[in-house]
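Biologist: Hello! Could you take me through this model and tell me what stands behind each label?

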Amino acid sequence: MADILDGKIARDSYTKGLIERSKRLFARPTLALIQIGDNKESAIYIEQKKRFARTIDARVEHIQFKSEAKISDVEMAIRSLNARADIHGIIIQLPLPAGFDKHSLIEMIDPAKDVDGLTDANQRLLEAGTPNLVPATAKGVMSLLDFYGIEIKGKKAVVFGRSRLVGGPIASLLSARGASVSVCNSQTADPRAVSTQADIVVAAIGKPELIDASYVKAGSVIIDVGISTLPEGRKSSTGKAIAGDVNFAAVSPLVKAISPVPGGVGPMTVLSLFDNLIVSAERSAAK
């Protein structure tokens with residue numbers, strides 16, 4: 001049976017370091033979180049962030065707008081937060097209601113406070129191999145691999161998905177660490193042929209349990225980034241109402257190590273967001 005790459009264990013270990021770094025700062029690390037509308041899943045994720053912030057003695061300033069808010073009011077809030085010295089990070093909680101342009105709002109955030117790592121400026125630095133603030137999920141994947149001592153240099157890796165938030169950044173980070181990286185998407189002719197050659201498989205496509213035993217080779221390492229709520233009455237291969245991109249029951253007997261869903265990459269994403277926040281606060285304190 002595969003080793004389980006438990007994100008909760010890794011997060012709790014890394015959290016100790018964040019607490020110490022937070023204590024050394026003169027001012028509390030402060031995250032401004034902009035929420036537009038009342039998406040129920042967003043509310044759950046926001047509470048997770050607030051709870052983790054309390055753990056490391058950081059602060060979350062939660063700015064809420066109704067779904068019918070004027071775009072100009074949101075833009076004004078971002079400009080104000082950019083100018084405030086006591087704000088070290090700014091994120092816009094996704095998804096956004098219809099009528100709001102995600103990219104244009106994210107681009108208004110000062111790249112030095114872009115702790116989600118989604119501005120074009122930070123994306124270009126990452127692609128160039130000189131990262132500033134790295135998207136939290138991608139950073140979390142790398143930290144999870146490191147915590148469990150997974151060798152990256154010289155390995156073949158495949159990433160399913162190429163989004164700005166996850167797939168693309170993970171591919172860049174793996175490549176920067178010396179892996180030979182292939183990216184598979186809906187246009188890839190034979191993804192199984194690519195995937196079965198890989199030592200590390202990262203699934204970030206949002207398609208429940210697409211990756212089955214036919215996609216992996218024996219002894220590989222599987223990182224499952226996907227998480228989907230299944231239709232009522234349907235269960236995952238492990239009997240849960242949510243599923244990752246990997247069929248855990250079919251794949252886990254074959255591979256060396258695998259991250260579970262939930263409890264794998266998810267806890268590492270929140271950790272990495274606040275690691276970015278503390279990095280930003282440390283840089284601000286050094287000025």
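Modeller: Gladly! We start with strand β2 (residues 30–36) and strand β3 (residues 59–65), which pair in the parallel sense over seven bridges. Please keep in mind that this is a predicted model, where local features need pLDDT of at least 70 and side-chain atom pairs count only at pLDDT 80 or more, while totals for chains, interfaces and linings use all residues. Residues are numbered from 1 along each chain as its sequence is written, and side-chain values use heavy atoms, leaving out hydrogens and water.

Biologist: What makes β2 and β3 a pair?

Modeller: Two strands pair if DSSP finds at least two bridges between them. β2 and β3 have seven bridges, so they are a pair. Ala32, for instance, stands opposite Glu61 in β3. The strands themselves are DSSP runs of E with at least two residues, and helices are runs of H or I with at least four, numbered from the N terminus.

Biologist: Why is the crossover from β2 to β3 called right-handed?

Modeller: The chain passes from β2 through helix α2 (residues 40–55) to β3.

Biologist: What makes β3 and β4 edge strands?

Modeller: The open sheet here has three strands in the order β3-β2-β4, with parallel pairing. β3 and β4 each have a single partner strand, so one side of each is left without a neighbour in the sheet. From one strand to the next, the twist averages 20°.

Biologist: How do you know the direction of α2 against β3?

Modeller: Axes are lines fitted to C-alpha atoms, for helices over the stretch in contact (heavy atoms within 4.5 Å), and angles run from 0 to 180 degrees between N-to-C directions. α2 lies across β2, β3 and β4, and runs at about 155° to β3.

Biologist: Which strands are at the edges of the six-stranded sheet?

Modeller: That open sheet has the order β1-β11-β8-β7-β5-β6, with parallel pairing. Its edge strands are β1 (3–4) and β6 (180–184), each pairing on one side only. Five bridges join β5 (residues 156–160) to β6, and the bridge partner of Lys156 in β6 is Ser180. Helix α7 (residues 167–176) packs on the sheet, touching β5, β6 and β7 (200–203), and its direction makes about 170° with that of β5.

Biologist: Why is Arg21 with Asp275 called a salt bridge?

Modeller: A salt bridge is a side-chain nitrogen of Lys or Arg within 4 Å of a carboxyl oxygen of Asp or Glu. The closest N and O atoms of Arg21 and Asp275 are 2.9 Å apart, so the pair qualifies. Arg21 is in helix α1 (residues 7–24) and Asp275 in helix α10, 254 residues apart. By this rule the count comes to 14 salt bridges.

Biologist: What makes the nonpolar surface patch?

Modeller: Ile44, Tyr45 and Ile227 make a patch of about 290 Å², and Ile44 lies in helix α2. Patches are made of residues with over 30% relative accessible area and no salt bridge; nonpolar side chains (Val, Leu, Ile, Met, Phe, Trp, Tyr) are joined within 5 Å, and like charges within 9 Å. The areas come from the Shrake-Rupley method with a 1.4 Å probe, and for residues only the protein chains shown count as cover.

Biologist: Which peptide bonds are cis?

Modeller: Among them is the bond joining Leu94 and Pro95, with omega about 5°. Another is the bond from Val261 to Pro262, with omega near 0°.

Key
A crossover is right-handed if, with the strands pointing away from the viewer, the path from the first strand over the helix to the second runs clockwise.
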